[in-house]
Amino acid sequence: MSPRVTAPARALPESTGLDAFLAQAAADPLPLADRYRLLAAARVLVEELYVHLPLKRARYATDPVQRLRLLERRVPALSELQFHGELAGVFRDLRDLHTVYQLPAPYRGQVAVLGFLVERYHDEDGAPHYPVSRIDDALKHGDFDAGVELELWNGVPVERAIERGAAAQVGCSPDARLARGLESLTLRPLRTAPPPDERWVQLTYRTPDGRLRETRVPWRVRPADRHRGRDQDPVPTLGTHLGIDAGNEATRQAKRALFAPAPARRSAARAPRDVLAFRRTRGRRPYGYLRVYSFNVTSARRFAEQVAAIAAGAPADGLIVDIRGNPGGNILAAEAALRVLSTGPVDPVRFALPTSRAALALARANPAFRPWAPSIRDAVESGEPYSQAFPLTDPDAVADGLPRYPGPKVLIVDALSYSAADIFAAGFADNGLGPVLGTAGTTGAGGANVWTYELLGVWLPDLLGPLPRGAGFRVALRRATRAGGNAGVPLEDFGVTADPLHRLTRRDVLGHNRDLLAAASALLS
Amino acid sequence: MALVLRGTVVTFDAEHRVLDPGAVYAGDDGRLAAVQPAGQAPPPGFAAAPVVDLTATGALVLPGLVDLHGHLQYHTLPLWEAVGVPYLHHDRWVDERDAPDYATTVTWPAKVLGHAAPGALLAYIAVKALVGGTTSVQGAPRSTRPLGDGLVRIVDIEKLPAGRDMVMTAALQQDAEVLRNETADKLDGSRVLIYHVAEGRRAAEPDPAKPVSHVHREFADLAPCLKPGLVCVHGTALTAAEFATWQGAVTALDPAERGTVVWSPFSNLWLYRETTDVVAATAQGLRIALGSDWSPSGTKHVLGELKVADGLNRDELGGHFDDRALCDLVTADPGDALATAWGPQVGRLAAGSAADLLVLDRQQPGKDVYRALIDATERHILLVVTRGRPRYGTQPLMTAAGATATSAIQPAPGLRRRVALDGAGGAGPDGGVLDWPAVKRALDKVHQDPRAAFRDAQDALAAWGGSLDDPDAPLALFGDMPEGEAAALAGTDDIPPGLVVPEPDALTHDAAFLAAVDRSGIPALRHLKDCYP
């Protein structure tokens with residue numbers, strides 16, 4: 001007998017129904033001329049400034065430029081949502097979380113949410129389980145609460161539903177896409193993809209005492225980030241040294257707004273204290289456990305100071321640094337933190353521009369790009385697709401005068417450790433700071449410095465005109481290659497290989513990473 | 001706001017008429033409705049307009065001065081007394097590491113100010129121009145959002161006519177392929193390109209048997225752009241043959257057109273101890289305009305540069321320019337150079353011209369009107385009008401011209417004027433509209449604690465995840481000059497240890513400026529102290 005379908009009695013606070021949101025969007029559609037403007041901008045960006053274009057063409061046999069040309073022909077026949085979906089799809093198939101189309105208002109600054117989170121662990125037999133790990137109070141009803149395990153998602157086995165979701169995700173590695181697919185089950189930033197097609201999800205779950213239940217939870221839309229009353233992206237528009245998955249940062253901040261303890265929900269999201277946490281592990285021989293949720297901070301120096309202060313109070317026996325789920329952020333902050341954790345000098349990651357004409361124009365217009373200009377110009381004769389590579393800054397200068405942590409260290413990564421977090425992991429490994437323990441085989445594999453379309457437009461105003469309604473793009477502009485023994489190896493699509501590997505257990509997911517920390521501690525002892 | 005000025009009108013029109021007395025009618029649209037003898041009937045629409053009657057004082061009414069070469073972001077910095085002078089060419093001083101080095105004396109202070117006090121910086125440099133009677137300047141910094149109409153016209157971003165920006169500029173050289181394949185096509189007779197070229201010592205020209213030198217190669221690369229509308233800044237190293245090549249190419253396309261050289265003699269002498277061969281340039285038919293360049297190696301404004309040109313003309317050029325021709329270098333000549341791109345003419349007073357005006361104390365009754373401009377100091381600037389609006393001047397004239405919301409300003413000891421910022425500097429740090437005291441406070445705050453000011457600015461930039469065209473979006477300015485050793489802390493919110501952001505450079509050619517000039521020992525600049533008694 002099929003269980004009775006229940007539903008939450010209350011709506012998620014501070015949210016709008018999906019139907020109401022879509023009706024509002026449909027009332028003022030994006031004019032056709034604006035869609036063409038977006039496509040023209042996308043072509044310039046992808047063809048001229050996207051540094052990974054040769055890599056993506058080779059690795060995924062894809063031709064985004066041709067797809068954009070074809071889309072341009074089909075524009076009049078598409079609804080607005082179809083248009084956004086198609087354009088977002090061209091970028092999604094680059095499998096590069098840095099390089100995204102950002103939808104205009106009213107999608108900008110909004111996130112579609114169900115109001116609970118799902119995580120995954122494997123039991124002793126290796127079978128995956130999908131427990132609800134966090135839930136808003138408004139969603140709790142009957143037996144539906146944190147700890148129940150999902151079995152079917154809209155009548156589809158959860159494993160398969162995640163696989164289908166993963167196929168629609170951007171990540172370049174199967175692990176990364178799967179992690180994103182899992183996350184997108186319950187949370188979808190509308191800045192980078194149109195809203196879900198379904199208005200609700202029907203969940204079949206098993207309670208901790210083994211009973212099978214069903215409930216129907218509606219999708220809701222709520223503001224993701226606002227500043228001075230304006231819709232915002234969670235990542236600076238003007239950042240010149242960013243390496244971040246803006247979509248995942250939006251997800252992270254939405255999670256924080258929904259599920260963090262009340263005081264943390266409204267604090268400044270880009271301050272070091274909000275992206276760092278520290279405690280000592282339990283056990284006979286306690287170690288320091290430094291959690292770095294994000295590198296999306298305003299100040300590299302202040303971030304490094306904060307890390308140094310934490311490290312100074314950490315046990316000398318060892319420090320576990322955990323950057324799982326870290327979407328990246330300020331590359332300089334990541335490299336400066338690495339410097340604080342190292343007793344020796346740190347060889348920084350190097351960055352190269354594409355050797356296109358637009359890149360040369362950028363290097364000519366912006367004095368800060370002066371070192372890159374000669375090799376771009378010479379590419380006509382050298383045939384190099386990338387310019388000479390330079391560090392973005394000197395980590396020693398940024399971390400100058402700060403104390404170093406001399407003890408042994410281990411780094412924990414997962415498939416969502418991305419970009420600046422990839423760079424941190426690469427630096428950790430390449431400079432011999434310690435072992436890299438993974439809950440997935442590799443990090444997220446984002447290797448670039450990402451710029452917004454608008455920031456590029458400051459330097460290339462003739463090439464990159466204004467976009468309608470706050471629409472935008474982010475593009476991988478400078479390609480990161482590793483240092484030390486891996487000098488020249490790209491991070492994009494390859495990431496940092498974790499060794500050893502630890503599959504998360506139920507005690508990890510629902511019990512404060514107990515087994516994971518034990519595995520990390522074992523590497524320190 | 002319509003406005004009428006009556007006095008001795010020095011028109012700089014095609015006949016260089018001097019109307020004594022004359023009347024200038026500035027319309028609501030920011031253009032001149034009429035420039036005519038004072039006795040003629042006024043054009044329609046001026047019955048209720050305020051009238052500034054100067055006939056009893058003998059004051060002169062001239063076009064606002066045009067400064068065709070600057071780098072505005074750096075214009076609050078004092079003279080840079082670099083130890084490596086004379087440099088061979090423009091790429092050499094960028095790498096100056098000996099104190100006072102380029103990075104911490106020029107690059108970093110300008111960067112900090114451009115981020116921490118951009119509105120105040122723009123307002124200050126505009127006022128500095130007004131104090132020198134200048135209504136058009138060149139050298140806009142890059143900015144995170146469009147800069148609105150300010151106190152003075154900024155040539156690079158001024159949208160004349162009809163909201164279109166037709167002036168291209170490049171302080172850094174473009175590649176030969178870009179010049180050939182992209183830039184040259186844009187010089188279609190409707191645009192102007194203001195381009196730095198051949199900035200260095202002529203003496204650096206090598207033996208013909210050896211490879212072509214750096215700065216001469218820049219000029220060779222520019223060959224496809226030797227077309228009407230080209231304005232070359234410096235050209236210090238160019239020879240008579242190169243000037244001939246240039247003007248010959250222009251003439252071949254349009255015999256009525258002339259290329260324009262922007263001459264910045266003070267800056268040339270300061271950095272290279274040589275300056276452009278303007279006699280050779282004019283002999284080939286090229287037009288000359290003056291530019292004050294940036295304050296680290298330039299005069300405060302073109303009124304000062306005019307005195308440098310006057311001294312060189314007298315002492316070294318054998319009086320090649322007469323006084324009227326010298327004055328044309330800051331009025332009619334740059335105005336004509338811009339006329340290729342701009343609809344309303346600047347630098348000449350005629351019906352339909354831009355209503356940019358300067359009222360000047362004649363100093364002595366009957367003094368030659370052109371000599372009066374050459375000899376004038378900041379103390380002789382009585383009123384400056386931009387786009388038909390009184391912006392700077394004495395209290396009586398500002399009141400007579402109908403100026404409102406003015407602030408008191410003292411550009412030099414004992415020199416009292418009023419300035420109408422009228423929100424031209426944008427919002428202040430507290431969100432209020434900047435007036436002159438607020439401009440000075442904002443710049444002083446950066447001077448007092450540059451590290452904190454820079455960090456606050458970086459925080460504000462990093463906190464903004466919205467559109468840049470939003471009125472609330474933070475403004476940041478980016479300099480157009482090569483950066484010195486800035487890479488070590490690039491992109492961080494930190495600044496080099498001990499960095500000093502100087503107090504804003506004086507608005508006038510003051511004792512500190514003249515003392516620095518004296519220390520330089522440059523013979524051709526010695527006479528400047530006599531110009532500013």
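A residue is buried if 20 or more other C-beta atoms lie within 10 Å of its own, exposed if 12 or fewer, and partly exposed in between, with C-beta atoms placed from the backbone. The model is predicted: local features need pLDDT of at least 70, side-chain atom pairs count only at pLDDT 80 or more, and totals for chains, interfaces and linings use all residues. Residues are numbered from 1 along each chain as its sequence is written, and chains are lettered from A and ligands numbered from 1 in the order in which they are written.

**View 1. Helix α4 of chain A has buried and exposed residues.** Helices (H or I, at least four residues) and strands (E, at least two) are DSSP runs, numbered from the N terminus. In α4 (residues 64-74), A:P64, A:L68 and A:L71 are buried. They sit on the same side of α4(A), because they cover an arc of only 60° around the axis; the arc is that of the directions from the helix axis to the C-beta atoms. The face turned away carries exposed A:Q66, A:R69, A:L70 and A:R73. The buried residues pack against α2 (32-49) and α5 (80-92) of chain A. Contact means C-beta atoms, placed from the backbone, within 7 Å.

**View 2. A:K255 lies in helix α8 of chain A.** The helix spans residues 246-259. A:K255 counts as partly exposed because it has 18 C-beta neighbours inside 10 Å. Not counting residues up to four places away in sequence, A:K255 touches A:L117 and A:L187. A:F116 is 139 residues away along the chain, yet the two C-alpha atoms are separated by 9.0 Å.

**View 3. Five strands of chain A form an open, mixed sheet.** The order is β18-β19-β20-β23-β24. β18 (276-280) and β24 (436-438) stand at the edges, each with a single partner strand, so one side of each lacks a neighbour in the sheet. The twist averages 20° from one strand to the next. Strands pair if DSSP finds at least two bridges between them. β18(A) and β19 (residues 288-292) pair in the antiparallel sense over five bridges. A:G288 in β19(A) is the bridge partner of A:R280.

**View 4. A:A425 belongs to the largest nonpolar core.** Such a core is a set of buried Ala, Val, Leu, Ile, Met, Phe, Trp, Tyr and Cys residues joined through C-beta atoms within 7 Å. Of its 326 residues, A:A304, A:A337, A:A425, B:V24, B:V359 and B:L360 touch the most other members. Helix α2 (residues 118-131) of chain B gives the most, with 11 residues. Leaving aside neighbours within four places in sequence, the contacts of A:A425 include A:I323, A:L411 and A:V436.

Terms used. Two residues are in contact if their C-beta atoms, placed from the backbone, lie within 7 Å. Axes are lines fitted to C-alpha atoms, for helices over the stretch in contact, and angles run from 0 to 180 degrees between N-to-C directions.
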